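Good morning, and thank you for coming.

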Amino acid sequence: MRVALFLTCVNDTLYPDTGRAVVRLLTRLGVDVDFPRGQTCCGQAHYNTGYRHEAEPLARRFAEVFGGYEAIVTPSGSCGAMVRELYPRLGERARAEGRGDGLATALAPVVPRTYELTEFLVDVLGVTDVGAHYPHTVTYHPTCHGLRGLGLGDRPLRLLRAVKGLDLRELPGAEECCGFGGTFALKNPDVSAAMGADKVRSAESTGAEVLCAADNSCLMHLGGTMARLRTGLRPVHIAEILASTEEEPPA
Amino acid sequence: MSGTFVGMPAFPEAARAAVADERLRGNLKHATHTIRAKRAAAVAEVSDWAELREAGRRIKDHTLRHLDHYLLRLEESVTAAGGTVHWAADAAEANRIVTGLVKATGESEVVKVKSMATQEIGLNEALEAEGIRAYETDLAELIVQLGHDRPSHILVPAIHRNRGEIRDVFRSEMKEWGRPAPEGLTDSPAELAEAARLHLREKFLRAKVGISGANFMVAETGTLVVVESEGNGRMCLTLPETLISVVGIEKTIPTWRDLEVFLQTLPRSSTAERMNPYTSLWTGTTDGDGPRAFHLVLLDNGRTDTLADDVGRQALRCIRCSACLNVCPVYERAGGHAYGSVYPGPIGAILSPQLRGTASEIDASLPYASSLCGACYEVCPVAIDIPEVLVHLRERVAQGGPATRAGNKVVLRPAKGHAAERAAMRATRWAFGRPGVLRTGQRLAARTRWLHPRTLPGPGRAWSATRDLPPVPAEPFRDWWERTNGGRDDGAAPQDREETK
Ligand code: SF4
């Protein structure tokens, strides 16, 4: 099976380790991974901040770049939700505004073939035990777009439970937003910071060393908060946990 | 809407003070978390919740699509049942009508059932200006009124107050309005409720005019419905000689049968009860029972403008259950007052900028008062996609565009202060349209990463005041991919890696 990795601009620029982990993990599971060079950004920040028209060309680019693949995998719940949930709306909107069917037609094949990483593992590959080894205490934060946008459900938890050596701690108030929200963190910094601090405190209360999530944007916000609050926690993307083995622990 | 909130600072500033107020945050957290858990349990009991939610959405959508028809039908049935219907285009007109009706009775006091519509139009203040005193009879509204405060929640207007604060308000203020608080009043809930009962009883028995809103208006029969917990509403609806109900036009439902859906979803969503303790239904006037005169004031006040917007109109489905407030993490920290409107929380963030327009600073800031986490949409019993409307309104604020104001199609100009953001969005879209440009930028960032500050200047300062920025890695992923042929050639990173953690 040949799949395209849609890494997202944030991961590509700031979290290349996550990308490398996805490649390592999928290759180990026998998947042939490609990274289409033309990819850039899904346009989520543009869309959510009220610049739908700026997001449209990025959606069109996405359709062009990923059009030829059987499956598109992304280690980001929010970018995955952008493609799956909001791209169809971009298409409908363009149509409603009399700009034709072009965008909707171009997006039709790529939207249903786009999967968030844990979804791809559980639903498409049908595995929950990916053969990982990660001897740490971990608590999992289901980010909003993964949880409610994509409906990831307990897939990430099932994957984590199957990791050898991993001690999974339940996060109190797990379903509450961490307060990142893209430009929300900039526009309402006080509320955002309060939400982040509360999330970090509840993660800390589990006694875990690692706070794990399937979205580096939220982890960036939480990681920055952890550093300031001087907790013993580390933010780690779930891909890096799942890619880790006894022979090849994470960097 | 009400003049009370004019001149409110934008949401972020208003929220800052609330976030810093430990006691307020504590009160809000405790109250919202308690009701949140109870609601979830009450909803989980109903096996066909998803169907009920969908039915509610459909009934409301259908009614809104044919609102002109159903409103005329409603007027006909109310009139046939002995009531009088008045149409109010805006707050000023509604206040004029109600004040005129009260004056015509010769009374200078009215008792009120808790009502969002009358708060929205600032009715109490308008009556006051004409020498008429309005007494709120809902316990929480009474606390707010006695405390010279503003409501901060749709359902629990005094959610921001704890018991000790309420006792203090009763002790010092009740005597100004009527029967004073009993000697030695403590903060026990039973004593507080009893004090309110005694204080209010006097008002119920004396009042000749009652003013209410309604949760629903049934077009087919002309029946109005008030759903409540305390029974004070029923007193106001039945004891006075004249009853005036001020209701938003969107509260119409076509048939009696439709109530079946909402009388299941509303109580569970709002108070987490299987059924609310009091459901009062009244149809016009009846000889020998209830009020002798019944007036219905149908309030528009921005609603038909909202109806003209094909994305935003879903906000009019709202049945004011307040479930979205109770799950909202932003509301929980910012409190209801920060929203600068009688409609706080997620629903307020989409309703106020539609009813009032986005011209003021506070209204332009409301669509951003959300992290788009989607918890509100998930709990909404009529499936209002609040995040979708928020984004739609952000577009209106940031970019301008078509809207309907006072029945006229207008093209709005972008709100002030978005020029830099607009430029940034365009520039990033331009760069993201060109992978080469993105890559050059990434490389530049990687090469200069020693120089990057951990704190940001300008608009980013607020971010870095409470959070550290992540370090920029030595090599973006795309360069690694190319250098190692997708990880197939083993290659160590070009520079020391420990910096990237
Ligand atoms: S928007 Fe939905 S959840 Fe919020 S108050 Fe209205 S009906 Fe309830």
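This is a predicted model: local features need pLDDT of at least 70, side-chain atom pairs count only at pLDDT 80 or more; totals for chains, interfaces and linings use all residues.

**A walk through chain B**

With a relative accessibility of 9%, B:N301 counts as buried; buried here means under 20% relative accessible area, exposed means over 50%, and partly exposed lies in between, with a 1.4 Å probe and protein chains only. Residues are numbered from 1 along each chain as its sequence is written, chains are lettered from A and ligands numbered from 1 in the order in which they are written, and side-chain values use heavy atoms, with hydrogens and water left out.

To return to B:N301, this residue lies in the loop between β10 and α13 (303-307) of chain B. Its phi is near 45°, a positive value in a residue other than glycine. Most residues other than glycine have a negative phi.

A second case comes from chain A. Phi of A:R230 is also positive, near 50°, and this residue sits in the loop between α12 (216-229) and β8 (234-237) of chain A. Is A:R230 buried or exposed? A:R230 is exposed, with a relative accessible area of 73%.

Let me now describe chain B as a whole. Its secondary structure comes to 23 helices and 12 strands; helices (H or I, at least four residues) and strands (E, at least two) are DSSP runs, numbered from the N terminus. The C-alpha atoms fill a box of roughly 95 × 55 × 45 Å along the principal axes. Of the 501 residues in chain B, 57% are buried. Among contacts (heavy atoms within 4.5 Å) between residues at least 6 apart in sequence, 72% join residues at least 24 apart.

One helix deserves attention. Helix α5 of chain B, residues 91-105, has 15 residues and reaches 22 Å from its first C-alpha to its last, close to the 21 Å expected at 1.5 Å a residue; the expected span is 1.5 Å times one less than the number of residues. At its start, a side-chain oxygen of B:D90 reaches to within 3.3 Å of the backbone nitrogen of B:A92. After the helix comes B:G106, whose phi is positive, near 80°.

Which residues of α5(B) are buried? Among them are B:A94, B:I97, B:V98, B:L101 and B:V102. An α-helix has 3.6 residues a turn, so residues three or four places apart point the same way. The buried residues of α5(B) pack against several elements of chain B, including β1 (84-88), β2 (109-112), α7 (123-129) and β10 (293-299).

Two further buried positions complete the picture. B:T118, in helix α6 (residues 116-120) of chain B, has a relative accessible area of 1%. Not counting residues up to four places away in sequence, B:T118 touches B:K112, B:L123, B:I211 and B:V246.

B:L366 is found in the loop between α17 (361-365) and α18 (375-379) of chain B, and is buried, with a relative accessible area of 0%. Leaving aside neighbours within four places in sequence, its contacts include B:F11, B:Y339, B:P353, B:R356 and B:L390. B:L366 and B:L390 are 24 residues apart in sequence and 8.5 Å apart in space, C-alpha to C-alpha.

Definitions and conventions:
A polar contact is a pair of N or O atoms within 3.5 Å; within protein, one must be able to donate a hydrogen and the other to accept it, and residues adjacent in sequence count only if both atoms are side-chain atoms.
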